[in-house]
Amino acid sequence: MLMTAQEEAQAVIRPDGTFFAAGGPGRETGKCLKQALAIRPDFVEASLGLGLALGETGKFDEAMKALDTVLRLSPGHLQARVNRGIVFLAQKRMDEAMTEW
């Protein structure tokens with residue numbers, strides 16, 4: 001029996017509010033996290049994971065948007081800052097990376 005997109009996204013969110021995605025970072029993880037965020041847009045850790053997954057696949061602008069969402073929802077989120085620095089570093093934008101760290 002096939003699950004609906006909403007059922008799949010709910011399967012990604014554990015009862016304790018954390019997320020998982022079988023298959024590790026990348027395209028499938030990003031898809032799962034986008035589905036989770038469609039259900040719960042304020043899910044900070046899903047936005048953080050999405051930013052990481054998008055950055056790992058070279059989608060830097062989208063990654064930054066996801067990480068900006070984390071910082072809008074949780075302004076002092078240290079890992080979001082670290083991940084922004086990593087995305088800048090991947091783009092060889094060293095000065096901007098250093099301001100995040």
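In the predicted model, helix 4 comprises 14 residues, 60–73, and its end C-alpha atoms lie 20 Å apart. This separation agrees with the 20 Å that 14 residues should span at 1.5 Å a residue. Ala 63, Met 64, Ala 66, Leu 67, Val 70 and Leu 71 of helix 4 are buried. Viewed down the axis of helix 4, the buried residues fall within an arc of 160°, and they therefore line one face of the helix. An α-helix has 3.6 residues a turn, so residues three or four places apart point the same way. Asp 61, Lys 65 and Arg 72, on the other side of helix 4, are exposed. The cover over the buried residues of helix 4 includes helix 3 (44–56) and helix 5 (78–90).

Helix 5, with 13 residues, reaches 19 Å from its first C-alpha to its last, close to the 18 Å expected at 1.5 Å a residue. Its buried residues include Ala 80, Asn 83, Arg 84, Gly 85, Val 87 and Phe 88. Helix 3, helix 4 and helix 6 are among the elements that cover the buried residues of helix 5. Lys 92, which follows helix 5, has a positive phi, near 60°.

Glu 100 belongs to helix 6 (residues 94–100). With a relative accessible area of 12%, Glu 100 falls under the 20% limit and is therefore buried. Its side chain makes a polar contact of 3.1 Å with the side chain of Arg 84, a residue of helix 5 that is itself buried. When residues up to four places away in sequence are not counted, Glu 100 touches Arg 81, Arg 84, Gly 85 and Phe 88.

Technical notes. Residues are numbered from 1 along each chain as its sequence is written. This is a predicted model: local features need pLDDT of at least 70, side-chain atom pairs count only at pLDDT 80 or more; totals for chains, interfaces and linings use all residues. Side-chain values use heavy atoms; hydrogens and water are left out. Helices (H or I, at least four residues) and strands (E, at least two) are DSSP runs, numbered from the N terminus. The expected span of a helix is 1.5 Å times one less than its number of residues. Buried means under 20% relative accessible area, exposed over 50%, partly exposed in between (1.4 Å probe, protein chains only). The arc is that of the directions from the helix axis to the C-beta atoms. Contact means heavy atoms within 4.5 Å. A polar contact is a pair of N or O atoms within 3.5 Å; within protein, one must be able to donate a hydrogen and the other to accept it, and residues adjacent in sequence count only if both atoms are side-chain atoms.
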